[in-house]
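Hi everyone, and thanks for coming. Please have a look at the sequence and the structure on the screen, and I'll walk you through some of the details.

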Amino acid sequence: MRLAKYLAHAGVASRRSAEALIAAGRVSVAGEIVTDPARDVSEDSRVALDGRPVAGAEPRVLYALNKPVGVVSTARDTHRRPTVIELVPARGLRLYPVGRLDIDSSGLIVLTNDGELANRLTHPRFQVPKTYRARLGGAPIADEALAALRAGVRLDDGLTAPARARRVGPAGANLIELTIHEGRNRQVRRMCQAVGHPVLELTRTRFGPLRLDGLAPGAHRRLSDAEVERLRALTCAAEGGAL
């Protein structure tokens, strides 16, 4: 197994972050610093991070969490704000969030120690759809604004891909549902602002095939084997290969 993949399977970090650790010279194999993430290793290779031995692959788990507003989507926070990791009992496993929701947003986020799958679920080429419900400020949203969201919106970091957008809720509620497959920083908020409607409340309701349904704010549940396989199949279908 390649070194970066070995670290990801051991729950040390995502594949991308593991490559950065290796490039920084923090990983050794049999006592020798290795900077090649493609180096082949096995359970007997004596892999270490910062001099501490890295155990083999830990059991891979995935959790769905309904992130409340005010909680940050990181494993650690230098400002000592509550994190999504604190809301899920890790039981000794090194969990980290798959993607992010900003501190002012709520809703569905996935936590896992499966670095390889996490990388695939967040990589732009796999185009994993994410659905949000946004309560908007300003006048009732017009058909022209919805059409602009569907066509793609020009932001300071480029044109967004077309989104699925529709009104939901009672007339006049100014509530929309928006589905995107990109992962730019605060993208939904910036898209809505670009068409003249600041976001007052934002909740992610779906992540790929997963739904928020029935999960109270702050609550979590472990994904079933069938749900995990659907997530794997989603990235495999996008690539046309096996995970």
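Let me start with a term we'll need: a polar contact is a pair of N or O atoms within 3.5 Å; within protein, one of them must be able to donate a hydrogen and the other to accept it, and residues adjacent in sequence count only if both atoms are side-chain atoms. Here is an example: the side chain of Glu182 reaches the backbone nitrogen of Ala161 at 2.9 Å.

Before going on, a word about the model. It is predicted, with local features needing pLDDT of at least 70 and side-chain atom pairs counting only at pLDDT 80 or more, while totals for chains, interfaces and linings use all residues. Residues are numbered from 1 along each chain as its sequence is written, and side-chain values use heavy atoms, leaving out hydrogens and water.

Back to Glu182. Where is Glu182 found? In the loop between β12 (175–180) and α5 (187–194). Those labels come from DSSP runs, numbered from the N terminus: helices are H or I with at least four residues, and strands are E with at least two. Not counting residues up to four places away in sequence, Glu182 touches Lys130, Thr160, Ala161 and Gln187; contact here means heavy atoms within 4.5 Å.

Now to helix α2, residues 15–23. Which of its residues are buried? They are Ala18, Leu21 and Ile22, where buried means under 20% relative accessible area, exposed means over 50%, and partly exposed is in between, using a 1.4 Å probe and protein chains only. Looking down the axis of α2, these buried residues fall within an arc of 100°, so they line one face of the helix. That arc is taken from the directions from the helix axis to the C-beta atoms. If you are new to helices, an α-helix has 3.6 residues a turn, so residues three or four places apart point the same way. The buried residues of α2 pack against α1 (3–9), β1 (27–29) and β3 (47–49). After α2 comes Gly25, with a positive phi near 80°.

Next, the strands. Four of them form an open sheet in the order β2-β1-β3-β4, with antiparallel pairing. At the edges are β2 (32–33) and β4 (52–53), each pairing on one side only. Two strands count as paired if DSSP finds at least two bridges between them. Between β3 and β4 there are two bridges, in the antiparallel sense, and Ala48 stands opposite Pro53 in β4.

Between β4 and β5 there is a loop that holds Glu58. Is Glu58 buried or exposed? Glu58 is buried, at a relative accessible area of 17%. Although Glu58 and Gly11 are 47 residues apart along the chain, their C-alpha atoms are separated by 6.7 Å. Among the residues that Glu58 touches are His9, Leu93 and Asn113.

Another covered strand is β8 (130–136), with five of its seven residues buried. It pairs with β12 in the antiparallel sense over six bridges, where Tyr132 has Leu178 as its partner. Seven bridges join β8 to β13, also antiparallel, and Ala134 is partnered by Leu202.

Helix α3, residues 115–122, has seven of its eight residues buried, so it is largely enclosed by the rest of the structure.

Let's finish with the largest pocket, which has a volume of about 1,300 Å³. On a 1 Å grid over the protein atoms alone, a cavity is a set of points where a 1.4 Å probe fits but cannot get out, whereas a pocket is an open set with protein on both sides within 12 Å along at least five of seven lines; lining residues have an atom within 4 Å of a point. Grid points are joined across faces, edges and corners, and the volume is the space filled by probe spheres set on the points. Which of the 46 lining residues are closest to the centre of the pocket? They are Ser73, Pro97, Val98, Gly99 and Arg100. Helix α3 gives the most to this lining, with four residues.
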